[in-house]
2 protein chains.
Amino acid sequence: MRLSTKGRYAVTAMLDLALNGKNGPVTLAEISENQGISLSYLEQLFAALRNKDLVRGVRGPGGGYYLGKSADEISIANIICAVDEWVEFTRCGGRQNCSGGARCLTHTLWDDLSSEIFNFLANISLGDLVRRNLGKKEEEESPLSVVGDSNSQAA
Amino acid sequence: MRLSTKGRYAVTAMLDLALNGKNGPVTLAEISENQGISLSYLEQLFAALRNKDLVRGVRGPGGGYYLGKSADEISIANIICAVDEWVEFTRCGGRQNCSGGARCLTHTLWDDLSSEIFNFLANISLGDLVRRNLGKKEEEESPLSVVGDSNSQAA
DNA sequence: GTATTACCTAGTAATTCACTTGGTAATTAG
DNA sequence: CTAATTACCAAGTGAATTACTAGGTAATAC
């Protein structure tokens, strides 16, 4: 597993899309403005996200991006793997050169941990994140503010 | 949260230490040999680990490293934070320049997710990892064989 | 004293990060 | 049809990070 600032940018952008894309596509220019990420970097990230069918682009005026599936079907692990390329952690290169003992054991331990982290992130969806936070907001403060309504919560 | 190959090296080395350090200190030369990590890179990692009291060095012949506390008191998050410096993810720089709406909301969402990942890793100790794997080994195969083949999951 | 170990500093090639520049292709509005 | 708008694409870049090498010093055991 790999979790870098690049993954954070991708998750942040996807969150923005999930929040603002409910009625119509969202342009990268908007996300760039909202989140303070350069447009061209977003283009690169979204190329990767598109390859994994996590987003769908529409060209021309009025175009932009939709989520490729429902927010509940997109896990955080999906997003991070799409942009971070999931470098397969050495795992002894097929057990050939692995000196038999301590090395392979720690590799196994690491692999186990690694898949636990992956499963953890695979069980959190974009939809979860959004709902969880909106719920919290409504508990903590007045339900009217900022996000309760159907349309643009960009404020 | 940040989870890079550097963190993996650190966790791997700490696992090696936990496994082999039960009777006497372990030298970095041994870990370097066992895990295929360069000696000098290990020195750098262990400098960071030592700063956080996760390991304790003993100089001179017969010296090496001990765990700084019991394996149960050392979490994976501790290790990763020690070497990866935990870059506090922008979080709007105190909410000044954060344009009030969507940006701050996604930052909050990310921060929540980030602390969830942290808590997850904070709840796994070195001791957990070792015990879990040894237990599994004993179930799956004969307790004698040091390290076998078996599982290759993790994707 | 000498060997062994931790401990420290500086440098480095390769890679990654986040971005800039400068395009092309599809679609809509006029 | 033309012009504007958007996605899409490719190449390059400075800065940072990675994993390592080289060359030390300091403490300790024998």
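Figure 1. Two strands pair if DSSP finds at least two bridges between them; the strands themselves (E, at least two residues) and the helices (H or I, at least four) are DSSP runs, numbered from the N terminus. This is a predicted model, where local features need pLDDT of at least 70, side-chain atom pairs count only at pLDDT 80 or more, and totals for chains, interfaces and linings use all residues. On bookkeeping: residues are numbered from 1 along each chain as its sequence is written, chains are lettered from A and ligands numbered from 1 in the order in which they are written, and side-chain values use heavy atoms, leaving out hydrogens and water. In chain B, β1(B) and β2(B) run antiparallel and are held together by four bridges. Look for B:Gly57, which sits opposite B:Tyr65 of β2(B). Five residues lie between the two strands of this hairpin, and B:Gly60 has a positive phi near 85 degrees.

**Figure 2. Chain A as a whole.** Six helices and two strands make up the secondary structure of chain A. Read from the N terminus, the order is α-α-α-β-β-α-α-α. Chain A has 155 residues, and 48% of them are buried (under 20% relative accessible area; over 50% is exposed, in between is partly exposed, with a 1.4 Å probe and protein chains only). Its accessible surface (Shrake-Rupley, 1.4 Å probe; for residues, only the protein chains shown count as cover) is about 7,300 Å², with 48% belonging to carbon and sulfur atoms. Take the contacts (heavy atoms within 4.5 Å) in chain A between residues at least 6 apart in sequence: 63% of them link residues at least 24 apart.

**Figure 3. Where DNA strand C meets the protein.** Around DNA strand C there are 26 residues, and the closest are A:Thr5, A:Ser40, A:Gln44, B:Glu43 and B:Tyr65 (a residue is near a strand if one of its heavy atoms lies within 4 Å of it). Of the atoms of DNA strand C that come within 4 Å of the protein, 64% are sugar and phosphate. A:Ser40 puts a polar side-chain atom 2.8 Å from a base oxygen of DNA strand C. On the phosphate side, B:Arg50 has a polar side-chain atom 2.7 Å from a phosphate oxygen of DNA strand C. B:Gly60, the hairpin residue with the positive phi, uses a backbone N or O atom, 3.4 Å from a base oxygen of DNA strand C. Two or more residues of this surface come from each of α1 (5–20) and α3 (39–51) in chain A, and from each of α3 (39–51), β1 (55–58) and β2 (64–67) in chain B.

**Figure 4. Where DNA strand D meets the protein.** DNA strand D has 29 residues around it, and A:Glu43, A:Tyr65, B:Thr5, B:Ser40 and B:Gln44 come nearest. Sugar or phosphate supplies 63% of the DNA strand D atoms within 4 Å of the protein, and bases supply the rest. Then look at B:Ser40, whose side chain has an N or O atom 3.0 Å from a base nitrogen of DNA strand D. The elements giving two or more residues here are α3, β1 (55–58) and β2 (64–67) of chain A, plus α1 (5–20) and α3 of chain B. The biggest share, four residues, comes from α3(A).

**Figure 5. Asp53 in both chains.** A:Asp53 belongs to the loop between α3 and β1 of chain A. It isn't a glycine, yet its phi is positive, at about 60 degrees. A:Asp53 counts as exposed because its relative accessible area is 52%. Over in chain B, B:Asp53 sits in the loop between α3 and β1, with a positive phi near 60 degrees. At 53% relative accessibility, B:Asp53 is exposed.

Figure 6. B:Tyr41 is part of helix α3 of chain B and is partly exposed, at 28% relative accessible area. Setting aside neighbours within four places in sequence, B:Tyr41 is in contact with B:Lys6 and B:Tyr9. A:Leu121 lies in helix α5 (residues 102–122) of chain A, and with 1% relative accessibility A:Leu121 is buried. From A:Leu121 to A:Ile79 is 42 residues in sequence and 9.7 Å in space, C-alpha to C-alpha.

Note on methods: A polar contact is a pair of N or O atoms within 3.5 Å; within protein, one must be able to donate a hydrogen and the other to accept it, and residues adjacent in sequence count only if both atoms are side-chain atoms.
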